[in-house]
Amino acid sequence: MDKTIDKAIEVLKKSNHTTAFTGAGISVESGIPPFRGPEGLWSKYDPQVLDIDYFHNHPSESWKVIKEIFYDFFAGAAPNPAHKALAVMEKNGLLSAIITQNIDNLHQKAGSKKVIEYHGNSQKLICPHCQKQFTPDETDLNNLPPLCPDDRNVLKPDFVFFGEPIPGTAHLLSSEESQNAEVFLLIGTTGEVMPAAMIPGFAKDNGATIIEINPDESHYTNQITDIFLKGKAGEILSELLRKLLTD
Ligand code: NAD
């Protein structure tokens, strides 16, 4: 492992443009489970609450579960050493941007500035009719579903539901960012969620070195990964950062 970490350090030090691509795994050490697997959110909740048609047809039922997961549970989560290490890397000119599939706002809470949110953000609510945005604090989540104060339409969390397209700007910015990368850090993602799963391929096609951090192999590991750092994101990124700043 030491040799592999050293190889990663060598590549990162030479890089003029490093991009991170993060998935649910980076937030596991903050206490937010991924969707899949025995401890995943879908072992407890029915994923149909995040289906856009179900949401429109059953807003109260959807909102009851959405509030529990994304506003009661996520609200208490804090950035872990992995989020913090990426923020320090950016501050030190070692990271250009983060493309995240996560909707938990933890990269921004950790201090990262350039964060491309591929699937939106749970900490914003939007009125699908007038497009006005609200923070959770500006809405009454004790009376579900929450309504737009102006036109009384049901507010929707501003993240991508199943059956919804990816916001065009997020896809465009992510594609550009990954094509500019010399080194691409792939952190805590299985590569199962499309079209997000295609983004790392754009970096690889453009010649980027792919460094993957995950306790388990993913769909990427034997396909595009050049350096596989097996382990938890918090531990590996802390070690990488320490070596990058001191060696
Ligand atoms: P996933 O749930 O499919 O897979 C999680 C990955 O993280 C796995 O490969 C797992 O081995 C790895 N992992 C687990 N613990 C880890 C750790 N400590 N450090 C590093 N890696 C670890 O996640 P996905 O591929 O991101 O796809 C799920 C989708 O669900 C995403 O699109 C995301 O938007 C959404 N999601 C987001 C959150 C969040 O915002 N925190 C939580 C759950 C799901």
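Biologist: Where does Ser-62 lie?

Modeller: Ser-62 sits in helix H3; helices here are DSSP runs of H or I with at least four residues, strands are E runs of at least two, and both are numbered from the N terminus. This is a predicted model, where local features need pLDDT of at least 70, side-chain atom pairs count only at pLDDT 80 or more, and totals for chains, interfaces and linings use all residues. Residues are numbered from 1 along each chain as its sequence is written, and side-chain values use heavy atoms, with hydrogens and water left out.

Biologist: Is Ser-62 buried or exposed?

Modeller: Ser-62 counts as buried because its relative accessible area is 0%. Buried means under 20%, exposed over 50%, and partly exposed in between (1.4 Å probe, protein chains only).

Biologist: What does Ser-62 touch?

Modeller: Leaving out residues up to four places away in sequence, Ser-62 touches Val-49, Tyr-54 and Phe-55. A contact is heavy atoms within 4.5 Å.

Biologist: And the rest of H3, which residues are buried there?

Modeller: Besides Ser-62, the buried ones are Trp-63, Val-65, Ile-66, Lys-67, Ile-69, Phe-70 and Tyr-71. The buried residues of H3 pack against helix H2 (52-57) and strands E4 (120-126) and E6 (156-159).

Biologist: Where does H3 bend?

Modeller: At Lys-67, by about 35 degrees. That's the angle between axes fitted to the seven residues ending there and the seven starting there. H3 covers residues 59-73, and its first and last C-alpha atoms are 20 Å apart, close to the 21 Å expected. The expected span is 1.5 Å times one less than the number of residues.

Biologist: Switching to the ligand, which residues come nearest?

Modeller: Of the 26 residues around the ligand, Ala-24, Arg-36, Gln-101, Asp-104 and Asn-214 come nearest. A residue counts as near if one of its heavy atoms lies within 4 Å.

Biologist: What about Gln-101, which of its atoms lies 2.3 Å from a ligand oxygen?

Modeller: A backbone N or O atom of Gln-101. For Asn-214, a polar side-chain atom lies 2.7 Å from an oxygen atom of the ligand. Thr-189 also has a polar side-chain atom 2.8 Å from a ligand oxygen.

Biologist: How much of the ligand does the protein bury?

Modeller: 93% of the 850 Å² that the ligand exposes when taken alone. Those areas come from the Shrake-Rupley method with a 1.4 Å probe; for residues, only the protein chains shown count as cover.

Biologist: Last one: is Gly-168 buried or exposed?

Modeller: Gly-168, found in helix H6 (residues 168-180), is exposed because its relative accessible area is 52%.

Terms used:
Polar contact = N/O pair within 3.5 Å; in protein donor to acceptor, adjacent residues only side chain to side chain.
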